[in-house]
Every structure is written in structure tokens, then in C-alpha cells.
Amino acid sequence: MSVSVQVRKFDAIVVGAGGSGLRAALELARADLKVAVLSKVFPTRSHTVAAQGGIAAPLANSTEDNWHWHMYDTVKGSDYLGDQDAIEYMCRRAVEVVVELEHMGMPFDRLENGKIYQRPFGGHTQDYGSPKMAMRACAAADRTGHAMLHTLYQQNVRANTQFFVEWMALDLVRGADGEVLGVTALEMETGEVHLFQAKATLFATGGAGRIYWATTNAFINTGDGLGMAARAGIPLEDMEFWQFHPTGVAGAGVLITEGVRGEGGYLLNKDGERFMERYAPNAKDLASRDVVSRAMTTEIKEGRGCGPDADHVLLKLDHLGPDVINLRLPGIREIAIKFANADPVREPIPVVPTVHYQMGGIPANYLGQVVAPRDGNPDAVVPGFYAAGECACVSVHGANRLGTNSLLDLVVFGKASGEQMVKDIRAMPAAHPELPKDAAERSLARLARLDGAASGERVPEVSNALRRTMQAHCGVFRFPEMLTEGVAKMKAIAERAANTMIGDKSRVFNTARIEALELDNLVEVAMSTVVSAEARKESRGAQSRSDFPERDDANWMKHTLWYREGSRLEYKPVHLKPLSVESFEPKVRTY
Amino acid sequence: MQFSIYRYDPDRDARPVMKDYTVKLDPADRMLLDALVRLKEQDDSLSFRRSCREGICGSDAMNINGKNGLACITKVADLPERVVLRPLPGLPVVRDLIVDMTQFFDQYHSVRPYVVNNDPPPERERLQSPADREALNGLYECILCACCSTACPSFWWNPDKFVGPAGLLQAYRFIADTRDQVTAERLDNLEDPYRLFRCHSIMNCVDVCPKDLNPTRAIGKIKEMMVRRAV
């Protein structure tokens, strides 16, 4: 390992090349700024590519719709933990960003009149929660994420964006006043560490579903941005809120889009009962994801699961007919055949709730600026630092995200953060501020430990223990003793993670080293999750506790902030005041 | 399960070797990628790319018993007891099963893979009929895994001059898009003895595509358009 660290200077750096990173990069490249986009994988391999069902926008192409209704649904879906200023901002910009994607060439499906095809999705309604569903999910078959990510990459090719592909960012570099000055990053092909210095640094590093054993997430979703932020003293917000997607393929984890239910599919228990009618009489199978996942888990727990082990339920869609399935859900058919040995044209797909999305993340405002408490201001801007997409907690999803709002989040806040970065960079002096002498120290120490360790536990043993612990202790339903025990277990795992060893000491494309570095990030995410979950004594959205089964607005309508140092918690108020409309007051949440 | 795997680490090895492995699988290990992840638990120096593990990101393309494919959607049950794994053919090897894909992506970029429409953008979406949209099916779904181009003898010979099946499939994807206005320039861009016409319809690309796409047919359509505009 070379200890000399080359410094590269840019106006802006974007870490991560999924939907939000690419959307931000486009804004920066078009402003003729010097931009570097760093990504662990080639951009089109980012996990946005796996999104299926659609992107929300009240285009009103098939049903009456407007941003007020979308905003209401999102606030309600968030179980009143979402920040209403940010939610208004997102919903108001939805039509604009989706139309832009279409202009960029995104291959949306079409209606007979040539407009973008839209389908219903869970929790999206007309007229402020009426029983009538809104058709709001703009879809490219069931490959919406693929179509969107490739389109955004293609536009960046056109804009000559500079990519650093297969570079893994290691640590955040902060100055004396806490301002962010860039990141250190490892070139995977050579093993070299470089320092990327920038006036504005955006994290668009995605989620961390790999802290769970059963996940729809890709191998790369290890929460690198969250780990880097936490190590640099930035708190992580609302990490107890993890979305379990109702329909992961049983045993495989691979996602089956909610769009299946949007097109008319539904869930059955072993008695062939459409059980969601009991749990959500109006929305039924299109209730919010937390509601459906709890219902499924209850069915399984009470002995109405399917299969020899009664451990899953069935997703039926054969009644839609082969034409609809082949036109609107071709990717699902492919996945079901390959991963469930079931052709949905003829037979149902075995599914279980599976970890899918992290509602929490790096605290940011709706302009993409990272915020942290300072001098009594709970939302003080961290200069030079921005976050967008799944790694950020803006918070538009609060305690539970609605389907199709994540792709929307990526483009709205990718664009907004890019715009803000352009503005901020133009207001800065031409010269970069000076870097601290020890800017690369933390990263080099982490690498030196791995290179020098001649003995220790293997990385997969520790990361598997972490995933098993999170799966068992912090699932769909949460129990006080399990949470307390989970915190203790995670503390032990964190110590084990600090004492791993890798056999591979090569400089060239050393994936064992990458996995060890990722484990450091998984540890921060898992620890923040279980500690935040243990502390929150209520049930809200994706957090459902046996000992506190009700939502407690008087005491808990507030955001959690977890600090790595001492695994300390603070809280900050929810932004209940929207930008231009009246607040949506908390109500009992039924579907 | 037995493996023979191409191993090469330029940091350590003078030349590549095929190394034998035996791995005991768990009943949950259904796909070749699951087996490779298990193998890596035994020998962490084995290097390969992987991400989504569901055949949509295109990371884990490799040569499996002589045929290119994605490890994550290749069922273990469909493989013989002994599996020979090599990196994708025709591209420089970085390490083990990891190839340098620069030439592949350069060719993709060379077809100007984006819709060009110089009309001022309307307030709302540009309209496209369902039939015109369906013309993009079988084209836009490409995941850039490179299974096809690295199975193509013409690409092996001229990776710097022949666009290759993946790039040409995308060239046609934009020609076929009713929103794009620069078909003539797109055809000019391929009017050359190598870029398009090195395709000799060998159809290895069709045979290996893990997404069941058909680059040869797309290439045929471009050739037809070339001929039509020449007469």
C-alpha cells in the first residue's frame, strides 16, 4: 500500500452514481463546473437499476390528481414523521422532473393518447385519502429504475461528466470548523488512495439494506455514505425506520414490485383467503407497505402461512392474463421463473416481507444541504456537504415510504442539491481552502490495519453475524428484550469488526479489502438502527413495538439523531409547517 | 461442487493459472453466484464483480463452461458437476474474473446513446403512441453486461473499430425512438467498413444474451436502412 496520497481538485464531487448522483451530476456538468463522480461500480450497475414499479408524479393522465393529494398521501404514509416543507417541495416538483426524464428519452410506457402510462400504487389516493386510488406511478413496464438510470447515465455521457468508476470513497475530510473539504477514495484497480478536494461534496451513496440477512438490496448497498458521515461526527437521523417490502421472493429476497398489486394482483394465505381485506378494508392489497408487511407477518405467525413450513404467503396474478403480464410485468415473470420456479401466468409467487429501504440517513434539508445541530439550531447547515437519495434523510418518507416516492426523491433532490451546489460554488472564492495535514490519516490507518493484520476473524463471519443479528432483533415486529439484547450483540460485533483480517494482500482489485471496508460502514448503520429502535418507545410507520403498540405523538413526534461517539442519541422536531399550504394534522392512520 | 477457475493477479503471478476448487453448497445456494460467494469465504483472494444478484445490473458476466452468462441467474442445478470459469473473452484481464471493459464502453459511447431532439421541449411529455413505444421493446432492456460483444469473433478481432453487438443494439434503440431526430447522422456514424459491417451474422450475441435480446436483428435493421437510403 502506497502511503503517498495524491490530491485531486474539483469544484464539486459526487459520491455515488445512482439516480440522485447522476441527476445532480447533470446539473453540475451543465453549469460547466469541474465535477468528479466517484462510484464503486459502473454507473448503470447502481442499485437504482433494480427499481421496478414506477415513479410518482400527479400527471393526472388516467385519474384526476394534483400535488396536494400526493402531499397528503406522503405525509400520512410517513405516519406524520415526514417534514412537511420537504414533502410539499418534492410533490410540487414531481411533474417537472418526470417530464424532464421523458424529454431526456426515458422509455415510459404510453397510453392510447400518447401520454405517459400510470398505474395505482400502495397508499396513493385521490381526494385526501378517499377509497379511490390515484393512478400516479409513471412506469416503464416493470423496469422503471433501469430505464431511468440508463437515461440519466446517457445524459451524463452527453454532458461529458467525468466519472471515476470503481473508486470507493473511504472517509469524509472536514476542516477545523467542521466544513467538508472532500473525501479520500481508493482506486480499486490499483489500490491507490487519492484525496478528492472539492468546494462542494455530495453523498448520493444509496441505502444499506445489506445490514439484514434477507434483503432486496444489492451487494453494494452497504451504507458507505452513512459510515463515512458517522465516522466524521455527523449524526444519522431516524435510523430505526427500515421498510420491509411486502413482496420479496421467499428464500431469495429478490424484489417483486408492488406494481403487481397495482395491476390487480393480490395476496392469499394458506386458506386461499384474500386476507388484506381484513386489515385494510378500503385499500386492501394497496395499503401502505408497513401495513401490508405487518399483516403478512401476522398471518404467518398465526399459522396461516403457505408451503411445507407455513413460512410465506402467495402473490396471485395469473388472473391478469398473459397479455397484461407480458406487457406490464415482463421482468417479474422472468424473476419469478428464475428465483421462485413459478411462472406467474399459471401459478402464484411465494413471497415474504423483505428489507428494502432505509427511511433514515444523513440529515439534510430540501435543498440537499446536510444539517446538524449547532448552537441551538437543530438544522444548522454543514458547509460544503450535501446528501441526496436513499442515503439522505430529508425527511420526505418519515417513518414509512410510499412506493414510487423513492425514484421521485432521487430526481427531485438530486436536481435540487445540484442546483444548490452550483449556487454555493459560484459564491465561493476561486481557491480551495487548505486541507488539514492529517486529512487522509483515518483512511490510511484503516488500510494499514487491514494490510498488517496477520491474524483475526474473517470478514464474512463478522458480516454474516451482523446480518443475522439485525434480522432476528430488529424486524417487522420489535420486542423490548430482543432490542436490548440486539444492542449488546451489536456492540460485540462492532468490536469483532475492528479485529478482522483478510488473506488477500494484493493491491490489484482486492475485493476482500473492499468487503472489509464496507463492513466498517455496515457496523455504523446497524448500530445506529438498533440503538435508535431500542430508544423509541412507540409504534410508528415501520417501527412496531410489542410493548408500545400505539403511536405517541405527545412524546415521540420527533426525529432521532444518533451520534457515533458514545452511541449517543438526540432528538429534533419534525417540520410540521409546509412551505405554502396548511399543515396536515396527525390523524389515526387507516387504509 | 467442483470448479476450475482462471486465476491471475498481476501483483503476484507471472502468468494465469486454472485453479481447482471444491465447495460444499448450502441448500439455499441456488445460483452460480451463491456458489462463488461461498467459495470466496474459503479463499478471499478470488476476485469477481457482482452487485444486484438478480440479473439487472450486469456486473457478474463471465465465461461459464465456454459460454458467456451472468453468474447470478445461472442455476447451479443446470450446471454439470464440474464448472470451468474464465473471464469474458477478448478483453484485457485486470484480475481473475475481472476484465477491463474500457473498449466495450467506448464503443457504447461512440453511438451517441441518447435521444437527440432539437425542438424546444414542450410543457408536458412528448407524445408517443403505444405502438411506437413498443418498438423499443427488446432494445432498451440491455444491461451492458458485455456477454454479447465478448462472444463475437468480429469484436475479438477489432474491438477498437467494430462497435459490437451491444453498442449496435443501442444505436438502433435510438434510431427506433420516434422522439429522436437525427437518424441520418446516426447512420452516417456507422457508415464505415468496420463499425457496422463487421457483423457477419454469426449470432453468438443472440445465443448468449442473458436478457434474451437480439442484437443481430437490430443490426439487420440498421443495415436495411443503410441499403434503403443508398438506392
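Here is a working chat about chains A and B of a predicted model.

Trainee: What kind of model is this, and how many helices and strands are there in chain B?

Mentor: The model is a predicted one, and in chain B there are eight helices and seven strands.

Trainee: What does the C-alpha trace of chain B span along its principal axes?

Mentor: The C-alpha trace of chain B spans about 60 × 40 × 30 Å along those axes, and of the 231 residues in this chain, 58% are buried.

Trainee: Let's go to strand β3 of chain B; which residues point which way from it?

Mentor: Strand β3 of chain B covers residues 61-64, with Ala61(B) and Asn63(B) pointing one way and Met62(B) and Ile64(B) the other way, and all of these are buried.

Trainee: Which residue in β4(B) is the bridge partner of Asn63(B)?

Mentor: That partner is Asn68(B), and the two strands, β3(B) and β4(B) (residues 67-70), pair in the antiparallel sense over four bridges. They form a hairpin with two residues between them, and in the turn Asn65(B) has a positive phi of about 50 degrees.

Trainee: What about β5(B), how many bridges join β3(B) to it?

Mentor: Two bridges join β3(B) to β5(B), which covers residues 82-86, and these strands run antiparallel; in β5(B), Asn63(B) has Arg86(B) as its bridge partner.

Trainee: Switching to chain A, what is the strand order in the open sheet of four strands?

Mentor: The order is β11-β14-β13-β12 (chain A), and the pairing is antiparallel.

Trainee: Why is one side of β11 and of β12 in chain A left without a neighbour in the sheet?

Mentor: Both β11 (242-249) and β12 (266-268) of chain A stand at the edges and each has a single partner strand, so one side of each is left without a neighbour in the sheet. Neighbouring strands of this sheet are turned by 50 degrees against each other on average, direction ignored.

Trainee: How many bridges does β12(A) have with β13 of chain A?

Mentor: β12(A) pairs with β13 of chain A (residues 313-316) over three bridges in the antiparallel sense, and Leu315(A) in β13(A) is the bridge partner of Leu267(A).

Note on methods:
Residues are numbered from 1 along each chain as its sequence is written. Chains are lettered from A and ligands numbered from 1 in the order in which they are written. This is a predicted model: local features need pLDDT of at least 70, side-chain atom pairs count only at pLDDT 80 or more; totals for chains, interfaces and linings use all residues. Side-chain values use heavy atoms; hydrogens and water are left out. Buried means under 20% relative accessible area, exposed over 50%, partly exposed in between (1.4 Å probe, protein chains only). Two strands pair if DSSP finds at least two bridges between them. Axes are lines fitted to C-alpha atoms, for helices over the stretch in contact, and angles run from 0 to 180 degrees between N-to-C directions.
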